Amino acid sequence: MEARAAAPAPAPAPAEEVDGSEPVEEEGGDDESEGFSILEGLSALEDEEAQEERDAVDDDLGVELTGWPEGGSVVDRVRSEAEKIRLEHSEALQQGRRKGHETVLLHASMQFLFPSYLRNPDGRFNGTYVDLTFGRGGHSREILRRLSPHGRLVAFDVDHTAQVHGLALAAQDPRFTFVMRPFAEVAEVMRGTVVHGVMLDIGVSNPQLDDYSRGFSMNHLGRRTLPFDLRMNPRGGVSASEWLAGVTVEELAWVFREYAGTRVNDNPDDGNLVAERMAQAIIDEQEANGPYKTINRFAEVVGKLILVARGDLKDTEGFEHTARGKEHPAKMWVAAIRTFLNDEAMQLEAVLPAAMESLAVGGRCLIAVFKPGEAEAVRQFALAHAEPPPSEAARLTGRRLRELYPLAGTSADFSCQLVVRGLRPSGQEVTVNNRARSGALWVLEKAARTLPRVKARPRPAKSRFKMPPRPLLGDGLPDRPDLQLF
């Protein structure tokens with residue numbers, strides 16, 4: 001792939017972290033757009049009626065005053081620009097719906113993928129960008145809409161149904177290229193090309209959920225019989241049914257312990273009883289009655305086990321599938337198998353360093369996640385690649401520096417700045433698209449590394465973490481040897 005020189009741009013301002021992971025409730029209602037829109041600063045200029053109009057605008061639509069025409073009040077200009085952005089947002093979502101997909105946190109992503117200091121005088125952006133999870137092209141179309149004629153976009157996906165839409169878009173727009181490769185291979189595919197921004201949307205897309213033949217959706221299992229597949233790429237790998245037919249109890253227990261949220265601590269040798277008991281029961285049922293050819297049977301077996309263990313079901317003959325998949329007792333066990341079969345955890349672990357390697361200094365990697373484990377993986381990556389303040393680096397010993405900042409012990413030539421931490425969708429977006437409710441946006445910015453490499457070895461964890469003596473709760477209480485209760 002031909003290399004392209006980076007577009008000249010002013011030095012980026014220091015990245016400021018936006019934390020949306022723990023919204024603060026204040027008197028007067030919730031505001032999920034904290035630190036995001038300048039509309040908040042104009043409330044004092046508006047009367048009550050204007051305030052109501054402003055509240056109707058999506059919370060996640062940022063507005064900038066730069067480049068606006070002179071004349072007219074600031075409030076009027078804000079309203080005008082907000083309405084323009086709202087219409088653009090609505091049109092983008094409508095395009096996604098027509099393609100069978102509603103993109104989560106779409107405009108929020110674009111605000112951070114294209115910082116204002118990179119904008120050309122005509123309002124567009126140069127450079128090369130990568131959409132690592134094309135799906136139905138919701139993010140890709142919005143990126144292309146912002147790119148200049150000199151811009152370029154490369155999109156990845158492994159789903160053959162996405163390939164059809166990707167190739168169609170490539171035929172319409174010469175700035176766009178579709179690549180049928182796993183997103184963890186981004187560094188290999190983009191080697192020699194300067195990349196200015198990367199977009200990554202983790203998880204199952206709406207079209208995959210809505211195609212019931214894939215087995216991703218557990219909605220209405222009582223009304224339809226579905227194959228037990230769970231593959232992102234139905235032409236590769238093995239289906240869930242085939243995999244379960246050849247798996248051992250110990251292997252299935254490991255998958256449940258790792259991906260079903262049953263581990264009780266961080267000890268990799270922890271033999272969690274819940275995971276083991278579930279795996280044993282599932283394999284025993286398979287040996288007695290044959291392979292799980294449908295997700296219905298698997299979900300029923302697991303659902304009965306869960307409900308009986310909870311005490312919610314006395315007679316296993318009375319089991320019924322829930323209408324909504326998210327309420328099904330077998331949901332997390334099915335998700336654990338899906339995560340393993342598609343190598344989702346390892347792909348996420350591999351794509352973050354690959355994406356950052358591809359980026360130019362100052363470029364941003366945006367990650368939309370939908371599970372706590374995915375968010376934690378991004379957070380840990382950011383922590384592991386963060387640099388300490390110069391004063392702290394000078395104060396700490398080499399060993400302690402490496403313990404607190406693992407980047408010091410690596411040969412990585414970049415560091416990470418966490419620009420956005422877990423920004424959640426607005427209430428209005430969740431109302432329109434209920435599947436957005438668990439989404440969160442993380443933004444990492446690539447920075448040049450200044451930290452020297454440290455050769456000192458860190459101490460083992462058992463030396464760095466020690467439980468202190470337990471407090472003596474009886475200290476200070478009066479002695480009552482003669483106290484008798486009866």
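Colleague: How many bridges join strand β6 to strand β8?

Modeller: This is a predicted model, in which local features need pLDDT of at least 70 and side-chain atom pairs count only at pLDDT 80 or more, while totals for chains, interfaces and linings use all residues. Residues are numbered from 1 along each chain as its sequence is written, and side-chain values use heavy atoms, with hydrogens and water left out. Helices (H or I, at least four residues) and strands (E, at least two) are DSSP runs numbered from the N terminus, and two strands pair if DSSP finds at least two bridges between them. Ile 367 stands opposite Trp 442 in β8, and the number of bridges that join β6 to β8 (residues 440-448), which run antiparallel, is six.

Colleague: Does β6 pair with β5 in the parallel or the antiparallel sense?

Modeller: Strand β6 (residues 359-369) has 10 of its 11 residues buried, so it is largely enclosed by the rest of the structure; buried here means under 20% relative accessible area, exposed over 50%, and partly exposed in between, with a 1.4 Å probe and protein chains only. Gly 197 stands opposite Arg 364 in β6. Over six bridges, strand β5 (residues 195-201) and β6 pair in a sense that is parallel.

Colleague: Which residue of β3 is the bridge partner of Tyr 129?

Modeller: Strand β2 (residues 128-131) and strand β3 run parallel and are joined by four bridges. Within this pairing, the bridge partner of Tyr 129 in β3 is Leu 153.

Colleague: Through which helix does the chain cross from β2 to β3?

Modeller: The β-α-β crossover from β2 to β3 is right-handed, a label given if, with the strands pointing away from the viewer, the path from the first strand over the helix to the second runs clockwise. The helix that carries this crossover spans residues 138-146, and eight of its nine residues are buried, among them His 139, Ile 143 and Leu 144. The helix on this path is α4.

Colleague: At what angle do α13 and α14 pack?

Modeller: Axes are lines fitted to C-alpha atoms, for helices over the stretch in contact, and angles run from 0 to 180 degrees between N-to-C directions. On that basis, the axes of α13 (residues 344-358) and α14 (residues 372-384) lie 10 Å apart, and the angle is about 40 degrees. That makes α13 oblique to α14, given that angles under 35 degrees count as roughly parallel, over 145 as roughly antiparallel, 65 to 115 as roughly perpendicular and the rest as oblique.

Colleague: Which residues of α14 do Leu 348, Leu 352, Pro 353 and Met 356 meet?

Modeller: The helix pair has a right-handed crossing; a crossing is right-handed if the near helix is turned clockwise from the far one by less than a right angle, and left-handed if anticlockwise. Contact means heavy atoms within 4.5 Å, and the four residues of α13 meet, in α14, Glu 374, Ala 377, Val 378 and Phe 381.

Colleague: How far apart in space are Glu 285 and Val 301, C-alpha to C-alpha?

Modeller: Glu 285 lies in helix α10 (residues 273-289), and the axes of α10 and helix α11 (residues 295-310) come within 11 Å and cross at roughly 135 degrees. Not counting residues up to four places away in sequence, Glu 285 touches Gly 290, Tyr 292, Arg 297 and Val 301, and Glu 285 is partly exposed, with a relative accessible area of 23%. Glu 285 and Val 301 are 16 residues apart in sequence, and their distance in space is 8.0 Å.

Colleague: Is Leu 230 buried or exposed?

Modeller: Leu 230 sits in the loop between α7 (206-210) and α8 (240-246), and its phi is positive, about 75 degrees, although it is not a glycine. At 1% relative accessibility, Leu 230 counts as buried.
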